Amino acid sequence: MSVALLWVVSPTTTTTTTTDVSKCFGFIDSSKFFVKDRRLMLNGAAKKSRRQNWNYCSPDADFRSGSNFPVTSSVVASPAGEMAVSSEEKVYSVVLKQAALVEKQLRSRGDLDVKPDIAIPGTLSLLSEAYDRCGEVCAEYAKTFYLGTLLMTPERRRAIWAIYVWCRRTDELVDGPNASHITPTALDRWEARLEDLFQGRPFDMLDAAVSDTVTKFPVDIQPFKDMIEGMRMDLRKSRYKNFDELYLYCYYVAGTVGLMSVPVMGIAPESQATTESVYNAALALGIANQLTNILRDVGEDASRGRIYLPQDELALAGISEDDIFAGRLTNKWRNFMKSQIKRARMFFDEAEKGVTELSAASRWPVWASLLLYRQILDEIEANDYNNFTRRAYVSKAKKLLALPVAYTRSLIRPSRTALASNKM
């Protein structure tokens, strides 16, 4: 499933991993990212071979065989006692940790503006090239979002590009051209590479941009690890017993993007909202986007033998797996879809509360993401809830019309009233 790369930020369909990384960032699909990217990176290697030692390769190239890397588990994915608390409580603990990290930096520095790079001979130009490459990828596969990032400060803009590319590469491992070769061990190796990245040991030039970003902004490694856990889940799981299970999956593959990106986007200095509440809103947008992906892609996922819908709610509605695989458009299905769309819209409503609290230069791409993704739900309704054979999409004309609306909303200043910090 394509991951909804969020709040932007925001990698899956419901095999939802590949195409929607760009969707949450900029609503442009791509299925050939690695083919073209590999060629460009190899060209770059030829030009710079005498000046640096980064490896230039696609993320899946080194992760197809076994390895001796230890298996690392996600904090919110501990198998032991998984049902002791709800998925929302597990995710909330990650939100609190990230919010505390941001607040700590705010207290120590007063703001989140990064300092200029310290020029080390022979490295600054290479790092600039790495960020430029991330920007090129973002511009090609997430056009709408890329335009929005141009309103940000140069430091924030480059950091968001770097995070976008890492999420996309992670998503491609499970839903990209070489997905059939990817194993759980391969994802363990990708996670070990992530840990190296956070320790300042990037493997290639695109990793280098992320490695530099996490040293400048209060970005925690846990959301990155949790996104990889979502990729693992897609390898081993094709059914979800209830919404609690589905919520955790949506957090892994999409909600994590919000937690990664808010530290970069920044909270408006005049905002009275708590850091925690802004992160909750970012999380809500990721969940809303991924639920929208799931509802849009029911037919596509069924063709792969996957059903990303709560099994208990399907049973209560009198809908069987055979009904879904056969694409039976009945009144039972329509009523079921109405309830699922209502839930997704509730998460969008929750997300709206936090967008205005972001720094002024970061609001436009987020509002664009929210408004455009929300319109997909409208299109599902316009298709008479036939998401078996008809793919709901927002036309180019509607996208263009939404951009000035998003920009207008981005001009609204944060309220002087503290945003409630309620868990969902």
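Reader: Which atoms and what cut-off define a salt bridge?
Author: A salt bridge here is a side-chain nitrogen of Lys or Arg and a carboxyl oxygen of Asp or Glu; the cut-off is within 4 Å.

Reader: What kind of model is this, and which pLDDT applies to side-chain atom pairs?
Author: Residues are numbered from 1 along each chain as its sequence is written, and side-chain values use heavy atoms, with hydrogens and water left out. This is a predicted model in which local features need pLDDT of at least 70, totals for chains, interfaces and linings use all residues, and side-chain atom pairs count only at pLDDT 80 or more.

Reader: How far apart are N and O in the salt bridge of Arg345 and Asp378, and which helices hold the two residues?
Author: The N to O distance between the side chains of Arg345 and Asp378 is 2.7 Å. The pair ties together parts 33 residues apart in sequence, because Arg345 lies in helix H15 (residues 331-355) and Asp378 in helix H16 (residues 363-382). Helices are DSSP runs of H or I with at least four residues, strands are runs of E with at least two, and both are numbered from the N terminus. The distance is 2.7 Å, and the helices are H15 and H16.

Reader: Is Arg345 buried, partly exposed or exposed?
Author: Buried means under 20% relative accessible area and exposed over 50%, with partly exposed in between (1.4 Å probe, protein chains only). Arg345 has 21% relative accessibility, so the residue counts as partly exposed.

Reader: Which residues are joined with Arg296 into one salt-bridge network?
Author: Arg296 meets Asp297 in a salt bridge at 2.7 Å, N to O, and both residues are buried. Salt bridges that share partners join Arg296 into one network with Asp297, Glu300, Asp301, Arg304 and Arg391.

Reader: Why is H6 described as largely enclosed?
Author: Helix H6 (residues 154-175) reaches 31 Å from its first C-alpha to its last, close to the 32 Å expected. The expected span is 1.5 Å times one less than the number of residues. H6 is largely enclosed by the rest of the structure because its buried residues number 20 of the 22.
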